[in-house]
Amino acid sequence: MKKINVAIDGPAGAGKSTLSRRAAEELGFIYIDTGALYRTVGLNAMRKGADLDSSQSIADTLTDDVKVELRFIDGEQRVFLSGEDVSDKIRTPEASVAASKVSAVPAVRAFLFDLQKQLARENDCIMDGRDIGTVVLPDADVKIFLTASPEARAQRRYQELLEKGMTVNYEDVLSDMIKRDYDDSHREIAPLKQADDAILCDNGDLDLQQSVDLIIRTIKENI
């Protein structure tokens, strides 16, 4: 029986991961965090001493012994790199930067493409990213493009960083957000864009629970 696939795309800071995870729990689907996959490849590249500004250097780290897996343990998604649970190690700022670098490399996207497709074939799932509805799951049952203004997204990210005890400046966060938007939407391989048949959901004026309700309602109305 065909599995139900939901694709959620959108810019950085829109809340895709949090909302996708919450919606998946509510609907009994699994949540596939594609960002975690790219972070894992980035971590592998860092560990192997790759030049993160060189596509060839990054591609050279994808040797036959490298295996990236998502496992669901007691209902929680964990990501493994060649058998090692790296779920916590990929959440550092360095891993985030590496993920952004490797995600623009065609060899990396090809490396992870089959894994993402396989997970979608085998599970009712919500998968989020930048190119899920346009490239990875073009035939998804429901496609959502989740967005908010750069200012709203920067404010959320700013608050998150403050709560983590980090010393940050809002203007710097906003500047980084705008640059990330530009880079994601102008990259040569699988740029960020709204699929023609995706439903636009703007949560700039919504709190967390309202945003979750919006996503769940949109999915249920369109399955």
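Contact here means heavy atoms within 4.5 Å. The legends below describe a predicted model, in which local features need pLDDT of at least 70, side-chain atom pairs count only at pLDDT 80 or more, and totals for chains, interfaces and linings use all residues. Residues are numbered from 1 along each chain as its sequence is written, and side-chain values use heavy atoms, with hydrogens and water left out.

**View A. T34 and its contacts.** T34 belongs to helix α2 (residues 34-47); helices (H or I, at least four residues) and strands (E, at least two) are DSSP runs, numbered from the N terminus. Leaving aside residues up to four places away in sequence, T34 touches Q116, M127, D128, G129 and I132. T34 counts as buried, at 4% relative accessibility. For these views, buried means under 20% relative accessible area, exposed over 50%, and partly exposed in between (1.4 Å probe, protein chains only).

**View B. D88 in its loop.** Look for D88 in the loop between β5 (84-85) and α4 (93-102). With a relative accessible area of 59%, D88 is exposed.

**View C. The cysteines C125 and C201.** Searching the whole structure turns up zero disulfides (a disulfide being a pair of cysteine sulfur atoms within 2.5 Å). C125 is in no disulfide, and its nearest cysteine sulfur, that of C201, is 17 Å away. C201 is likewise in no disulfide, its nearest cysteine sulfur being that of C125. C125 is buried, with a relative accessible area of 0%, and C201 is buried at 3%.
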